[in-house]
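Please look over the sequence and the model shown here before reading on.

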Amino acid sequence: AAGRNYFHINSRGDMEPCVFVHYSDANIHTHTLLEGLKNPLFTEYRKGQPFNDNHLMPCPMLENPDVLRKTSRTPIITPHPGEMSRLTKKSVAEIESNRMNTASEFAEEYGVTVLLKGANTVIADKDGRICINATGNPSMARGGSGDVLTGIVAALVTQTEDTFTAACTGAYIHGLAGDYVTEKYGSLAATPSRIISNLHCAIK
């Protein structure tokens, strides 16, 4: 569901059911089911609207980033420069010319962890920590790649309270798997599905 904004109810194996909140292509945060249903992101903007058959529900986070301040836990957002432009009201050129400051300032202002996608992905958190991820390559810049990244980060964030570590590790694994696929199969073969199939090569 690339590019869609939704709440997705899922389960973490034998753990308590949780809500994965997925904002515009690849922005992730988790809550327990009860917390998710009480979350203002869910209740304030879509009152009275039932889930559809796929449990998808629109969320206006890109139009109103202030809702990020109302979460009970630290969200992780993973915008590409175009989405970051909508969030910050800055031009893409301005963002690309100062990626570190853009990510860091937004993270501190809204109390989130930002994973700004693109060449040399920038991860910044509300406490001022910054990481530049060097893995990955241009062959990965295609539809669906961000969703793979989201899945990896979502899996990691359920295992740690440190969203910064989860985002940094997820970006590194995702990029390394993409590098492996590109080196082994060529740039045209670096599809999201092939990256998924080769994640184990990046983790082992």
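This is a predicted model: local features need pLDDT of at least 70, side-chain atom pairs count only at pLDDT 80 or more; totals for chains, interfaces and linings use all residues.

Residues are numbered from 1 along each chain as its sequence is written, and side-chain values use heavy atoms, with hydrogens and water left out.

**Whole protein**
- The protein has 9 helices and 7 strands, taken as DSSP runs (H or I, at least four residues, for helices; E, at least two, for strands) numbered from the N terminus.
- Of its 204 residues, 50% count as buried, where buried means under 20% relative accessible area, exposed over 50%, and partly exposed in between (1.4 Å probe, protein chains only).

**Helix α6**
- Helix α6 covers residues 145–157, and its 13 residues should span 18 Å at 1.5 Å a residue, which agrees with the 18 Å between its end C-alpha atoms; the expected span is 1.5 Å times one less than the number of residues.
- Helix α6 is mostly covered, since 10 of its 13 residues are buried, among them Val148, Leu149, Ile152 and Val153.

**Surface patch**
- Methionine 100 lies in helix α5 (residues 99–110) and is partly exposed, with a relative accessible area of 40%.
- Together with Ile130 and Ile132, Met100 forms a nonpolar patch on the surface, with about 240 Å² of accessible area in total.
- Such patches are made of residues with over 30% relative accessible area and no salt bridge, with like charges joined within 9 Å and nonpolar side chains (Val, Leu, Ile, Met, Phe, Trp, Tyr) within 5 Å; a salt bridge is a side-chain nitrogen of Lys or Arg within 4 Å of a carboxyl oxygen of Asp or Glu.
- Accessible areas come from the Shrake-Rupley method with a 1.4 Å probe, and for residues only the protein chains shown count as cover.
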